[in-house]
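The following note sets out numbered points on the model displayed below. Please read each point alongside the sequence and the coordinates.

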Amino acid sequence: MNPVNYLYLAALLFTIGATGVLIRRNAIVLFMCVELMLNACNLALVTFSRMHGNLDGQVIAFFTMVVAAAEVVVGLAIIVSVFRARHSASVDDASLMKL
């Protein structure tokens, strides 16, 4: 396959994720869309790294995945605690975080 096809796929995935972040109001769906955007960026980094013949993009993508995994753990813990307190996972209720 041509590396440009991977870049088109990365652009499509990033667009789907950005659309989900802008449209949806559920916090769990919001986090999944952010993860989709991060994966699209990782795909683009690995593609450019492969095109140029070095490993820099792949190393950066690996560290991005590690940070994203930590983000998911902390983010889901916050969402669960908000859901237990408010019985809703809506982002619109985030301004009501003052208990």
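1. Leaving aside residues up to four places away in sequence, F14 touches M37, A40 and C41, where a contact means heavy atoms within 4.5 Å. F14 belongs to helix α1; helices are DSSP runs of H or I with at least four residues, strands are runs of E with at least two, and both are numbered from the N terminus. With a relative accessible area of 35%, F14 is partly exposed; buried means under 20% relative accessible area, exposed over 50%, and partly exposed in between, using a 1.4 Å probe and protein chains only. F14 and C33 are separated by 19 residues in sequence and by 8.7 Å in space, C-alpha to C-alpha.

2. On provenance, this is a predicted model, in which local features need pLDDT of at least 70 and side-chain atom pairs count only at pLDDT 80 or more, while totals for chains, interfaces and linings use all residues. Residues are numbered from 1 along each chain as its sequence is written, and side-chain values use heavy atoms, with hydrogens and water left out.

3. The secondary structure of the protein comes to three helices and zero strands, in the order α-α-α along the sequence. Of its 99 residues, 19% count as buried. Among contacts with a separation of 6 or more, residues 24 or more positions apart account for 51%. The protein exposes about 6,900 Å², and carbon and sulfur atoms supply 72% of that area; accessible areas come from the Shrake-Rupley method with a 1.4 Å probe, and for residues only the protein chains shown count as cover.

4. Helix α1 covers residues 3-23; its 21 residues should span 30 Å at 1.5 Å a residue, and its end C-alpha atoms are 30 Å apart, which agrees. The expected span is 1.5 Å times one less than the number of residues in the helix.

5. Helix α2 has 26 residues and reaches 38 Å from its first C-alpha to its last, close to the 38 Å expected at 1.5 Å a residue. Its buried residues include A27, C33, E35, M37, A40, N42, A44, T47 and S49. What covers the buried residues of α2 includes α1 and α3 (56-86). After α2 comes G53, with a positive phi near 80°.

6. A40, in helix α2, counts as buried at 2% relative accessibility. Not counting residues up to four places away in sequence, A40 touches A10, L13 and F14. A40 and G17 are 23 residues apart in sequence and 8.8 Å apart in space, C-alpha to C-alpha.

7. S49 is also found in helix α2, and it counts as buried at 4% relative accessibility. The side chain of S49 reaches the backbone oxygen of N54 at 2.3 Å. Beyond residues up to four places away in sequence, S49 touches N54, L55, D56, G57 and Q58.

8. Helix α3 has 31 residues and reaches 44 Å from its first C-alpha to its last, close to the 45 Å expected at 1.5 Å a residue. G57, A61, A68, G75, I79 and V82 are buried in α3. The buried residues of α3 pack against α2. Just after α3, H87 takes a positive phi of about 60°.

9. Regarding cysteines, C33 is buried, with a relative accessible area of 11%, whereas C41 is partly exposed, with a relative accessible area of 35%. How many disulfides does the count come to? A disulfide is a covalent bond between the sulfur atoms of two cysteines. With the criterion of a pair of cysteine sulfur atoms within 2.5 Å, the count comes to zero disulfides.

Note on methods:
Polar contact = N/O pair within 3.5 Å; in protein donor to acceptor, adjacent residues only side chain to side chain.
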